[in-house]
Amino acid sequence: MKQRIGWISLVLLLAGCNPHMQNSTNGAPAADSQPFEQFFQALAQHCGKAYPGGLTLEPQGDDMLTGTELLIVHFRECSDDQLKLPFHIELEASQSWDRSRTWIISRHADGLELRHDHRKADGSDDSNTMYGGFTVGEGSVITQQFQSIPRTEESGYFRGWRIEIEPGVRYTYGTVRGDNWSWRIDFDLTEPLTEQPPAPWGHD
């Protein structure tokens, strides 16, 4: 009996030391998980926190952002298979905020899906909402690209979105055409905001 208990204890000890048999205590994926899964977990590390950012690159003639306003990403809602990140835009002229946008990143068995939830101030759906696409290629722990099939078919070259995450350093979101950024914003993850923004429109 003592010998049997000893073997059981040894098996449990080995299981605790084997990264392929369990995840680490901080929720990180096993060492043999896919890059998109590790990428998803890297994003999830920031759940419950909000970070400041700003415009890095904007196409000529695009006036959506001025480049001087404060931008905020809030890792607000997190589950095992879905993250909801509201994107808040400071409106300097009116001293108010545009809280219409939420990035939704969902994990599937073979990759990730990005959707853009756009709402009006009353919480109802915007006329252009829930557009997005799925990851293409393997990507990496730091970078994943999501293809817009309609935009790609229309232009004849890859179009979609790119997201990059360096935990504790930088979160980057933007659009890409071919291999290049066409629109890009960067958020500083070195220090979260002490005051979190309110819920985005339609998500109270």
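I counted 3 helices and 11 strands in the protein. Helices (H or I, at least four residues) and strands (E, at least two) are DSSP runs, numbered from the N terminus.

I noted that this is a predicted model, where local features need pLDDT of at least 70, side-chain atom pairs count only at pLDDT 80 or more, and totals for chains, interfaces and linings use all residues. Residues are numbered from 1 along each chain as its sequence is written, and side-chain values use heavy atoms, with hydrogens and water left out.

Next I checked burial. Of the 204 residues, 41% are buried (under 20% relative accessible area, 1.4 Å probe, protein chains only).

Then I looked up the largest nonpolar core and found 28 residues. Such a core is a set of buried Ala, Val, Leu, Ile, Met, Phe, Trp, Tyr and Cys residues joined through side-chain atoms within 4.5 Å. Trp103, Tyr171, Tyr173 and Ile185 have the most contacts inside it. The largest share, 5 residues, comes from α2.

I followed Ile185. Beyond its neighbours within four places in sequence, its contacts (heavy atoms within 4.5 Å) include Leu55, Phe87, Trp103 and Tyr173.

Last, I turned to α2 (35-44). I found 7 of its 10 residues buried. Among them are Phe36, Phe39, Phe40 and Leu43. The buried residues of α2 pack against β4, β5, β6, β8, β9 and β10.

Methods:
Buried < 20%, exposed > 50% of the residue type's maximum accessible area, 1.4 Å probe, protein only.
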